[in-house]
Amino acid sequence: MSQLKNVEARILQCLQNKFLARYVSLPNQNKIWTVTVSPELRDRTPLVMVHGFGGGVGLWILNMDSLSARRTLHTFDLLGFGRSSRPAFPRDPEGAEDEFVTSIETWRETMGIPSMILLGHSLGGFLATSYSIKYPDRVKHLILVDPWGFPLRPTDPSQIRAPPTWVKAVASVLGRSNPLAVLRRGRGREVTLPLLSFCAPRLWQPVGVSAWSPLLDPIPAAHPAPVARRGQDQSLQPSPQWQASSCPSQTPRLHHLVAVSKPWPSLVQRFRPDFKRKFADFFDDDTISEYIYHCNAQNPSGETAFKTMMESFGWARRPMLERIHLIQKEMPITMIYGANTWIDTSTGKKVKLQRPDSYVRDMEIEGASHHVYADQPHIFNAVVEEICDSVD
């Protein structure tokens with residue numbers, strides 16, 4: 001945990017606005033690691049951002065300053081992830097989901113936040129929606145960024161593309177362990193991460209999820225143009241698109257079993273080099289790779305809870321489309337997708353159909369995949385700022 005603390009400190013040093021980073025203690029003795037930016041701006045509704053599976057507060061570094069320019073921004077490590085407490089979760093899907101949601105509400109109460117603009121990415125979007133169903137009076141606008149866990153699993157097997165035999169074999173192995181178990185193997189031992197980095201996108205893409213983010217998303221075969229650095233033109237025009245992130249365009253990385261001879265963070269960089277490119281505006285070293293590794297090298301508490309909530313091949317056991325109608329019709333919802341994402345973007349239209357008398361906006365950001373906030377941060381920030389300004 002000390003290594004995670006150190007690498008996160010390097011990330012947060014990039015912030016220009018005033019910020020507070022501390023543990024928020026909950027009544028049940030759990031602690032939620034929290035970063036608050038621009039705490040002095042108290043005249044507007046604060047924005048609360050919830051990260052996705054395997055992530056943490058540090059991955060919002062491209063967004064924090066911009067989104068806290070006119071209002072307070074809160075972000076925190078979900079219970080079971082990052083630097084937050086890692087308790088044992090209930091073993092049933094509903095119980096695990098409720099544990100996450102209850103921890104968010106208890107955190108809000110402890111923080112003294114009367115209401116908020118709630119934004120969630122991927123798994124965070126799923127949990128933010130669940131929270132909004134249970135505590136609607138606390139949310140002024142729900143922003144879902146490439147949310148996981150919405151589609152229903154088709155009852156007709158013909159609607160699900162059958163994976164190759166070798167993928168089924170890998171899936172059977174993964175079924176006996178947590179999604180990121182390979183990161184916690186001892187150094188110097190042979191691991192299947194190269195195999196996993198090759199097959200995981202193909203395993204999950206047919207069902208429109210990216211349960212493995214941020215470690216095992218598909219990697220674009222083409223390198224994007226360099227991003228604008230501080231002081232350069234940072235217009236809202238997207239950088240040239242990567243090649244479409246479908247399976248055939250991914251760079252194969254199947255090299256059988258590989259003996260680990262480097263420190264484990266180097267493996268993250270080796271198999272997710274795109275993350276270094278995404279954050280090149282701030283870091284030209286392996287800071288982000290180290291951060292992702294250390295976020296996921298701890299006790300897999302939240303990871304185990306996620307596995308409990310997940311059905312085979314990545315479907316949510318309790319799909320959110322079956323429950324989205326339970327959100328009060330007065331609550332506005334904006335769904336933001338990357339134009340190149342492998343998430344099922346038709347979910348936004350389905351949500352509109354289920355909420356005909358409510359405000360539901362769905363949109364796609366060109367040049368972005370699943371990690372919209374990092375792929376096109378300037379456009380993403382402008383969109384979120386516009387939403388926030390519409391609140392107050």
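In this briefing, Ala, Val, Leu, Ile, Met, Phe, Trp, Tyr, Cys and Pro count as nonpolar, Asp, Glu, Lys and Arg as charged, and the others, Gly among them, as polar. By these classes, the lining of the second largest pocket comprises 7 nonpolar, 6 polar and 4 charged residues. The structure described here is a predicted model. Its chain has 392 residues, of which 59% are buried, and its secondary structure comes to 13 helices and 10 strands. Among contacts between residues at least 6 apart in sequence, 77% join residues at least 24 apart.

**Nonpolar cores**

- In soluble globular proteins, nonpolar side chains tend to be buried together.
- The largest nonpolar core of this model contains 46 residues. Within this core, the residues with the most contacts are Phe76, Trp107, Leu118, Leu123, Leu142 and Phe150.
- Two or more residues of this core come from each of strand 3 (47-50), helix 3, strand 5 (116-121), helix 4, strand 6 (139-145), helix 10 and strand 9 (333-338).
- Helix 3 gives the largest share of this core, 6 residues.
- Another core, of 43 residues, lies apart from the largest one, and its members include Leu62, Phe283, Ile292 and Phe380.
- Beyond its neighbours within four places in sequence, Phe76 is in contact with Ile32, Trp33, Thr34, Val48, Met49, Val50, His51, Val57, Ile104 and Trp107.

- The buried residues of helix 10 are Ser301, Gly302, Glu303, Ala305, Phe306, Thr308 and Met309. Their cover includes helix 3 (93-111) and helix 4 (123-134).
- Helix 13 runs over residues 377-391 and has 15 residues. At 1.5 Å a residue it should span 21 Å, and its end C-alpha atoms are 21 Å apart, which agrees.
- In helix 13, Pro377, Ile379, Phe380, Asn381, Val383, Val384, Ile387 and Cys388 are buried. Phe380 also belongs to the core of 43 residues.

**Second largest pocket**

- Rolling a probe the size of a water molecule over the atoms shows where empty space is left.
- The second largest pocket has a volume of about 300 Å³.
- This pocket is lined by 17 residues, and those closest to its centre are Arg42, Pro46, Thr72, His74 and Ile113.

**Individual residues in loops**

- Gln29 is situated in the loop between strand 1 (19-25) and strand 2 (31-37). Although Gln29 is not a glycine, its phi is positive, at about 80°. A residue counts as exposed when its relative accessible area is over 50%; Gln29, with 66%, is therefore exposed.
- Phe282 belongs to the loop between helix 8 (273-278) and helix 9 (287-296). Its relative accessible area is 21%, and Phe282 is partly exposed.
- Phe282 and Cys14 are separated by 268 residues in sequence, while their C-alpha atoms are 7.3 Å apart in space.

How values were computed. Residues numbered from 1 in each chain as written. Predicted model: local features only at pLDDT ≥ 70, side-chain atom pairs only at ≥ 80, totals over all residues. Heavy atoms only, no water. Buried < 20%, exposed > 50% of the residue type's maximum accessible area, 1.4 Å probe, protein only. Helix = DSSP H or I, 4+ residues; strand = E, 2+ residues; numbered from the N terminus. Contact = heavy atoms within 4.5 Å. 1 Å grid on protein atoms, 1.4 Å probe; cavity = no way out; pocket = protein on both sides within 12 Å on 5 of 7 lines; lining within 4 Å. Points joined across faces, edges and corners; volume = space filled by probe spheres on them. Core = buried A, V, L, I, M, F, W, Y, C linked by side-chain atoms within 4.5 Å. Expected span 1.5 Å × (residues − 1).
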